[in-house]
Structures are given as structure tokens and as C-alpha cells.
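Good morning, and thank you for coming.

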Amino acid sequence: MLLSYSLADLQAAPAGQFLTPDPVCEQGVCVVIGNFDGVHRGHLALFEAAARTGLPVVAVTFAPHPREVLSASAPPRLLSTDDRLQLLASAGARHTLLIAFTREFAALDTDVFVRSILCERLKMRKLVIGHDFSLGRGRSGNGDRLRELGAALGFDVMQLPCLLTPDGIPVSSTRIRDCLGAGDVQGAANLLGRAHSVRGTVVHGFRRGHDLGFPTANLDPTVPGMEAIGLALPGVYATRVVIPGPDGTLPPISLTTRPVGPLEKGACVLPAVTSVGHNKTFGRNALSVETHIPNFSRELYDLPMELAFLYRLRDERKFNGIDELKAQIRRDTDQALRLAG
């Protein structure tokens, strides 16, 4: 269940009210709190630890991301808010409290937030946080302060160390963005625990792919929720697409790379080749996201589509003519089918 509140809502709600419709939570919950940008393997480790407590798990997170409010140079998010909430539920959150992050909320005293929101309204008995977590005015609510509050208010704090990959690389949202910016989508997948993906609505393009014999499903990188596409190094990628079933809806995002095959409600996963770039051959400058799904003819305009990046095939480049471009698209398609099929 999603609970979405502003600071005024949080402060006005009677104590113990938030989760009262759920009798499982009456005796207390384990709270996992964070921004969860990307819901990567480090975040999943927090939810695995929370599950071991035996208490129902409640995720507490924020929108927009605090850095978007407090900094003029916040990087694009790895996930839209809706996709992040889906993945938190898949990770084990029975409920998610989504708090509207504002400067007023940032100025809230740590002790007040912990006591009045987490303890009184969520009935928190255990708290799980990451190695570098802090909250409240001046980021005063670090692990040490939270443990002091736990001793006074009757909850336990579990602070996990930084998760490292087998080769010693810290798992973090920043490193995932660095991988995507370098075109290393496999490195990003190793940190995420799944292929990096975006979800958008298929829009009309210039039909150049159709005219070339390689029709494309196009996503608009400028609409809200698609910011993460700008993290990918321009080029051509082997991808998989999730397309909706007859009812027009997509299933929840998977925490693992999806196998090719039918999904719930008739949705399916298909291998594809995707160009993220600026259409240099045709002299366009705006970023475009064009996906060719081989041997597929269904109309997808105005339908949602998930696009998962598996391998980077090559840089984008300008071709000397249409025949040269078509020959390269054939090679790209064949390679994508071998890798993503």
C-alpha cells in the first residue's frame, strides 16, 4: 500500500493512524528509510535485512529527491517515482510512505521526525539504514544519533556497511550513473541487480525507420519519468522490450533481467535494437530513442513500453548514404538478436 503525505499531513494525522487498516502492523514494523535511487543491490540488501527481523516492512522515501530541492546540480534520477515505488514493493515493502520533500521538511528536527512520525504514527520497532544515511536539519540524524534515539524511544537500529561487488567496487547510484555514462550497461546491471531500464509511452516519430524497412517504436526522452534515458551514452544497444498485453498495461518491473517469453496479462518480452542519439545522418540534433523490434508488426502508438539495456553495440555515427545506413542497421539487428534473443 502506498501512503503519500506532505509534512502538514504527517503532522496532522493522529498517532498510530497510518497503518491501522492493516492488522499485521498493529504490533509494530521494521522501517527501511532512504532515497533508493535506482533500487540497486545495496538497497536490496537493506530489505533483505529487514525481512529477517520477522516484522512487516515499511519503506520510507521521498519525492522529489532531496538533492533536487536543496541543490542546483542534482543529477537525473535512475528511476521515475512510479518505477521506484514498484521496485520497493517487489523488494519486500508491505507499505511505502512517500513523503513530499520540501525545504520545510529538510529543516525538520531529527528527533521530532523520528518520535512523531516513525515511532508514534508508524509504530516503528526496528530501523534499517545504509552505511552513509543521515536525515533531518543539518543531516544530524546519522547512525549514532539514531541509535541514541532508539535507546530512548524503544527501537533497534541496524546500519549495514557499504555493499561491495566481488571485485571490491562499492555499489552506489553514483557509480551506476558513471557506468551508464561510459556506455557500460553490463557494469550498471551488475550494480543494479537487473538490467537498467526505462518506461515510457510510444510516440510518433518521423517514420524514417519504417521507410527504411526497419520500423521503430519511439520514446520521448523529454517527458517526465524519462530523465534516466539521458544517462546512457549515445549509441546503439542490444535491448529487450516489454510490451503490454491486450489490456494495454505493463506488469511490474522485475528485479532481475526478464527472460524472453509471455508474462502476466499477455504482456511479452522481445529482443530489440535501440538507437539513443541524434540522427546524425539526417542532420537532427534533438536526442531520440528509437527501438526496432525484429519480426514484429503490432501497432504500439500511445501504449506503454519498458526498454531494458543489455549490451552496447557501437557509437552513433553519420553515414554516407541510405544504403550504407540500411546495411549497418541489418548488422546491428543481427547482433542484437544474438545477444538479446
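C30 is buried, at 0% relative accessibility, where buried stands for under 20% relative accessible area, exposed for over 50%, and partly exposed for what lies in between, with a 1.4 Å probe and protein chains only. This is a predicted model, in which local features need pLDDT of at least 70 and side-chain atom pairs count only at pLDDT 80 or more, while totals for chains, interfaces and linings use all residues. Residues are numbered from 1 along each chain as its sequence is written, and side-chain values use heavy atoms, with hydrogens and water left out.

A disulfide is a pair of cysteine sulfur atoms within 2.5 Å. C119 is likewise buried, with a relative accessible area of 16%. For C119 the closest cysteine sulfur is that of C30, at 13 Å, again too far for a bond. By this rule the model has zero disulfides.

I turn now to the charged pairs. How many salt bridges does the structure hold? The count is 14, a salt bridge being a side-chain nitrogen of Lys or Arg within 4 Å of a carboxyl oxygen of Asp or Glu.

Consider D109 and R137, whose side chains meet in a salt bridge at 3.4 Å, N to O. This pair links distant parts of the chain, 28 residues apart: D109 sits in the loop between α5 (103–106) and α6 (110–119), and R137 in the loop between β5 (124–129) and α7 (143–153). Helices (H or I, at least four residues) and strands (E, at least two) are DSSP runs, numbered from the N terminus. Both partners are partly exposed: D109 has 27% relative accessibility, and R137 has a relative accessible area of 46%.

A second salt bridge joins R145 to D111, with the closest N and O atoms 2.5 Å apart. Because R145 lies in helix α7 and D111 in helix α6, the pair ties together parts that are 34 residues apart in sequence. R145 is partly exposed, at 26% relative accessibility.

The side chains of D315 and R312 also form a salt bridge, at 2.7 Å, N to O. D315 is partly exposed, with a relative accessible area of 47%, and R312 is partly exposed at 24% relative accessibility.
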